[in-house]
Amino acid sequence: MLKGNWFNGNLTNKKMSKYKSLNELGWHDYACAAPRKERLGRNFLNFVSSFAAVGLAAASLSTQSVLGQGMEVLESFTAVGQGESRANNSLNLEALEIAMPGVTPEKLVDKIPGVNVVTRDPFGFYEFGNDIRVRAFNISNLGVTLDGVPVGNSDARYGTPIGRLVDTQNLTAIKVSQGAGDVTTPAYQALGGSLQYFTKDPSTEAGAFISLAYGSFDHMSLFAKYEFGEMVPGLTGYVSGSHFEFSPRGLEGLGKGIGRRNDVKFKYSLPSGKLDITYGLTYNDRDDFDTAGLDYAEWQDAEAGNYRGTGQGYIEYTPWDYPGIGSFNYGDLSDQGRNLGPVKYLDPTVGPGEGVNAIYYDKWRNGRMDTLQRMSFDFDLENGKSLSIIPYYQDKDNYGLWGRDQAYTQTQVRAAFQNDPSRTDIWGQMWYDTLGNPVSESGEIVEEYSSEHAIVAPGTLAYSDGVEFVPGVPGRTARDENFGGHRYGVSANYTWNTENNKFVIGSWYEFDHHGTERPNYNLDGGNVLGEYRYDQFNFTNYTRYIDQDVMQFWVQDTFTMMDGNLDVIAGVKAIKLDRDARGFLSIGEWLANTETQRSTTYEDYFLPQFGLLYALGDNKEIFFNYSENMATPNSGTITTAGDTFNADILKPEYSDNFDIGIRGSAGFGNYTVQAYQISYTDRILASAVPIDSANAGAAGNSVYQNVGGVDSWGVEASGDIATPVEGLRFSGSIALQETTFQEDLLDSVVFIEDGDPIPTADPGYRVAATSNPLAYEIYEDISGNDLGNTPFLTASFDAIYTRGPVRLTFGGKYYDGVYVNTLNTQPLDSYVVFDAGISYTGKPDTALEGWKVSLNTYNVTDEYFWLARSYNDEDGQVLADRGRQYTLKFDTSF
């Protein structure tokens with residue numbers, strides 16, 4: 001039915017109406033008249049035909065079955081999960097590390113069906129630019145763990161993305177549950193599935209391993225590991241270290257993203273086998289630069305050869321060749337945007353801190369330092385009973401740099417003194433003459449605290465004839481934000497297995513302290529290249545200190561019946577989170593010199609999960625799973641709400657997840673086919689408060705609130721095939737997903753005077769009357785629109801051929817077109833990208849024993865395509881893929 005609908009064009013009737021409206025708007029040829037259908041007819045069919053030729057050639061050699069019974073794990077990038085009532089897949093990390101050297105653990109999961117990863121650099125290193133989605137949810141709504149330790153959340157500011165905590169070479173498995181995580185997964189923001197990362201256990205054999213990779217974009221990766229072997233009976237361990245660096249786009253020869261990591265792991269097993277104790281330590285130190293992109297409208301102008309009204313397209317824009325186009329808009333757009341990076345120009349025609357000199361790449365920088373210690377105690381209590389306890393502690397120390405122009409800083413300093421003239425925390429001072437009159441930089445009497453009122457350095461004499469003006473804000477300023485904190489916690493899981501039953505009960509507790517301070521300082525001489533003058537404080541955007549306690553409890557039972565063919569799984573979890581925030585939560589509070597303290601609690605004591613797993617013989621099983629999930633609002637909801645914060649109004653987000661599917665092995669290999677439906681409710685966004693809201697005191701203000709839902713359905717299939725050709729194996733996946741908004745979004749409230757005409761709305765918006773005849777609500781007309789950056793169709797395919805010491809890989813991915821705004825008026829075209837690799841492993845008993853060399857190429861055809869950098873209501877941003885990439889890698893062990 002689905003296949004028939006697809007080829008008859010009936011599957012996208014609703015979408016066709018959107019495409020018609022896009023055509024009427026006059027978009028370029030690639031973006032009009034049913035863009036997804038058109039792209040499927042071009043990019044996707046080309047993608048399929050590329051691999052069909054390979055597959056038919058292999059199949060024509062023999063029709064002999066090459067697989068026996070049972071789910072055999074082949075040498076492929078992904079493996080089909082089994083034995084669970086939820087959709088899940090795992091990754092072959094050794095194969096992936098060869099094919100994708102240098103990438104972060106976040107990017108590795110892009111091979112899984114239903115998982116889509118878009119990064120702003122080829123490695124996934126820049127955390128703020130990674131968009132990782134599993135079905136309807138991004139990474140912030142997934143449960144992520146490392147060896148059972150929760151990362152808390154994956155936010156690049158408040159949390160810990162997994163790439164900080166582990167080297168890919170130390171991973172032994174990644175398990176992805178696309179639909180819903182197990183109730184035993186510790187997480188307080190998981191609406192969807194889970195990503196579970198597991199590190200390798202130490203070896204009983206002593207030895208060393210070194211890996212070195214060089215490649216495009218000045219990429220260099222070094223990884224070294226030493227295995228201690230079995231030091232005393234039962235005690236093993238290893239230590240490892242890594243260094244990674246590359247040049248971000250636009251910054252070649254100027255700056256590099258650099259990551260350093262050290263890991264230690266020890267494991268002790270009692271001779272009796274009744275207890276395993278594991279200790280792990282990770283230290284991460286990384287620095288990166290913010291990236292740059294183009295507003296969608298700017299990109300369209302560049303495509304049309306008229307960027308920012310210059311009459312030019314993809315060229316380099318410098319402040320001396322194109323003055324006046326805006327400080328943030330300079331950059332190198334040559335090579336169709338591939339070279340666009342942060343602003344790196346100094347304009348000699350203007351003073352320090354003025355014009356483009358107020359923006360410079362060296363102040364677009366971030367740093368993250370983390371130390372994570374964890375232990376696990378795994379007890380075998382006999383008679384099918386076991387107990388696992390995992391305590392952990394993490395320390396976080398982070399920074400973020402950003403520049404500010406002189407005028408903005410002066411505005412904040414004047415406002416602070418206007419609120420409290422007696423302040424002593426600000427370095428600069430307001431300038432007065434000997435009679436107490438406020439004066440300008442030239443000594444003229446002006447209105448106090450106006451934009452002409454001068455700010456002087458401390459010690460400057462009151463103005464009189466002959467007194468020299470010494471600026472208190474000499475030019476360029478910059479912030480040096482410090483944020484981090486610590487968290488600690490423990491999880492415990494008790495399991496009791498009997499002949500036909502498996503009972504699990506457990507709990508998790510975590511305390512997390514997060515502090516953020518964003519002060520602004522002068523730079524030496526007011527120069528864009530000047531050092532921070534930490535003794536010259538100007539203002540602070542905020543000081544936010546957040547403490548939260550999380551408790552989660554779970555119980556799950558698996559009952560086996562029908563001669564062991566049917567498992568019935570039922571579980572429930574309970575979550576409670578207490579959060580306190582204090583400090584200057586906004587710049588307005590700092591200006592008023594008044595701190596705030598807020599508290600809130602989110603809890604739900606009944607979040608059920610139910611599943612069925614039925615075995616159809618030895619090599620096939622069908623599964624079904626239903627789960628209810630809750631995600632507590634993130635920390636930003638309590639710190640940025642201002643006076644409109646109402647702890648009784650904002651509710652957690654919820655989702656209902658349904659999974660059903662079949663998986664197994666047949667004569668051609670392993671496979672899984674699964675379908676899902678997700679209902680996502682009480683979505684939290686910052687939007688205008690309706691007139692008739694329970695929070696009516698904040699009506700018209702933009703605050704965090706629950707604004708409606710998103711529904712999603714999809715079908716996924718994946719598998720691997722052993723061909724009749726010895727050493728040749730295929731794997732691939734395909735995923736269809738439709739994710740749409742279910743309600744319009746309130747944009748603003750407009751108040752009119754009696755007798756005024758009813759307000760009108762721009763295209764894509766609508767006007768609605770309220771209970772107040774003089775108030776009208778303006779809604780974004782998005783009900784039925786697609787969620788941004790969520791492709792309807794994705795597909796991937798990989799071929800691995802091994803012959804003796806030589807290994808060849810060839811693969812590719814099709815990524816359907818997406819929208820970069822919620823109004824669905826800004827489409828991005830689909831794309832296909834191919835990668836290939838070759839590796840050679842030294843033969844035993846030769847001089848090359850223990851050595852491996854590999855050469856890999858990403859974007860083999862050097863295809864030009866654009867990615868979604870960010871998306872919002874009306875105008876999203878895009879970023880060009882960086883192009884073909886080579887990596888040469890050497891491994892040796894001894």
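**Salt bridges, strands, cavities and surface**

Author: The side chains of Lys813 and Asp110 meet in a salt bridge, with 2.6 Å from N to O; a salt bridge is a side-chain nitrogen of Lys or Arg within 4 Å of a carboxyl oxygen of Asp or Glu. This is a predicted model, in which local features need pLDDT of at least 70 and side-chain atom pairs count only at pLDDT 80 or more, while totals for chains, interfaces and linings use all residues. Residues are numbered from 1 along each chain as its sequence is written, and side-chain values use heavy atoms, with hydrogens and water left out.

Reader: How many residues apart in sequence are the parts that Lys813 and Asp110 tie together?

Author: Lys813 lies in strand β38 (residues 806-815). Helices (H or I, at least four residues) and strands (E, at least two) are DSSP runs, numbered from the N terminus. Asp110 lies in the loop between α5 (105-108) and β3, so the pair ties together parts whose separation in sequence is 703 residues.

Reader: Are Lys813 and Asp110 buried or exposed?

Author: The terms rest on relative accessible area: buried means under 20%, exposed over 50%, and partly exposed in between, with a 1.4 Å probe and protein chains only. By this rule, both Lys813 and Asp110 are buried.

Reader: Which residue forms a salt bridge with Arg374?

Author: Arg374 is in strand β18 (residues 365-380), and its partner is 227 residues apart from it, in the loop between β6 (143-146) and β7 (149-150). Arg374 is buried, with a relative accessible area of 8%. The closest N and O atoms of the pair are 3.8 Å apart, and the partner is Asp147.

Reader: What is the relative accessible area of Arg533, which forms a salt bridge with Asp524?

Author: The closest N and O atoms of Asp524 and Arg533 are 3.5 Å apart. Asp524 is partly exposed, with a relative accessible area of 40%. Arg533 is also partly exposed, and its value is 27%.

Reader: How many salt bridges does the structure hold?

Author: Some salt bridges share partners, and these join Glu127, Arg164, Arg286, Asp288, Arg368 and Asp370 into one network. For the structure, the number of salt bridges is 33.

Reader: Which residue takes a positive phi in the hairpin of β11 and β12?

Author: Strand β11 (residues 219-232) pairs with β10 (residues 207-215) in the antiparallel sense over 9 bridges. Strand β11 is also joined by 11 bridges to β12 (residues 235-246), again antiparallel, and there the bridge partner of Tyr226 is Val239. The hairpin of β11 and β12 has 2 residues between the strands, and the positive phi, near 90°, belongs to Gly234.

Reader: How much space lies in the second largest cavity?

Author: On a 1 Å grid over the protein atoms alone, a cavity is a set of points where a 1.4 Å probe fits but cannot get out, and lining residues have an atom within 4 Å of a point. The second largest cavity is lined by 26 residues, of which Gly102, Val103, Asp167, Phe244 and Arg261 lie nearest its centre. Elements that each supply at least two lining residues are β10, β11, β12, β13 (257-269) and β14 (275-289). The volume, taken as the space filled by probe spheres set on the points, is about 310 Å³.

Reader: Which strand gives the largest share of the nonpolar surface patch?

Author: Such a patch is made of residues with over 30% relative accessible area and no salt bridge, nonpolar side chains (Val, Leu, Ile, Met, Phe, Trp, Tyr) being joined within 5 Å. The patch covers about 780 Å², and its residues include Leu808, Trp851 and Phe890. Phe890 is partly exposed, with a relative accessible area of 33%. The largest share, 3 residues, comes from β45.

How values were computed
Patch = residues over 30% accessible without salt bridge, like charges linked within 9 Å, V, L, I, M, F, W, Y side chains within 5 Å. Areas by Shrake-Rupley, 256 points an atom, 1.4 Å probe, with all protein chains shown as cover. Pairing = 2+ DSSP bridges. 1 Å grid on protein atoms, 1.4 Å probe; cavity = no way out; pocket = protein on both sides within 12 Å on 5 of 7 lines; lining within 4 Å.
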